[in-house]
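Please look through the sequence and the structure shown here before reading the briefing that follows.

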Amino acid sequence: MDIQKLMEQARQMQNNLGKIEDELNQTEYEGKAGGNGVKVVINGKNEVQSVEIADDLMSLDNKEMLQDLLLIAVNEAVDKAYQDREEKLGSATNGLNLPGM
């Protein structure tokens with residue numbers, strides 16, 4: 001077993017993972033609820049970037065429904081970000097379960 005070759009492969013994998021991590025952090029994920037009534041956009045760090053609410057949902061009568069729709073939209077966006085991260089990092093590590101990834 002060639003240690004130099006193994007170390008080079010580890011460096012390459014680390015570089016690839018860093019690039020993927022940067023790409024994921026800059027990617028935006030969208031969650032929607034209530035048709036197009038509520039739309040939430042987050043980035044790969046799960047930071048909310050924007051929230052859009054349809055005008056017809058902006059009344060006190062709809063407060064509980066609006067809260068539920070926001071919750072659904074945020075969770076959908078977070079789930080999309082998680083799934084994308086799992087898929088891209090999993091393929092980059094060839095299925096290795098690396099701590100912290």
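**How the helix meets the sheet**

Helix α2 (residues 63–92) lies across β1, β2 and β3, running at about 145° to β1. Helices (H or I, at least four residues) and strands (E, at least two) are DSSP runs, numbered from the N terminus, and axes are lines fitted to C-alpha atoms, for helices over the stretch in contact, with angles that run from 0 to 180 degrees between N-to-C directions. This is a predicted model, in which local features need pLDDT of at least 70 and side-chain atom pairs count only at pLDDT 80 or more, while totals for chains, interfaces and linings use all residues. Residues are numbered from 1 along each chain as its sequence is written, and side-chain values use heavy atoms, with hydrogens and water left out.

**The sheet**

- An open sheet is formed by 3 strands in the order β1-β2-β3, with antiparallel pairing (two strands pair if DSSP finds at least two bridges between them).
- Its edge strands, each of which pairs on one side only, are β1 (28–33) and β3 (48–53).
- From one strand to the next, the twist averages 15°.
- The antiparallel strands β1 and β2 (residues 38–43) are joined by 6 bridges, and Y29 stands opposite I42 in β2.

- Leaving aside neighbours within four places in sequence, the residues in contact with I42 (heavy atoms within 4.5 Å) include Y29, V48, A77, V78 and A81.
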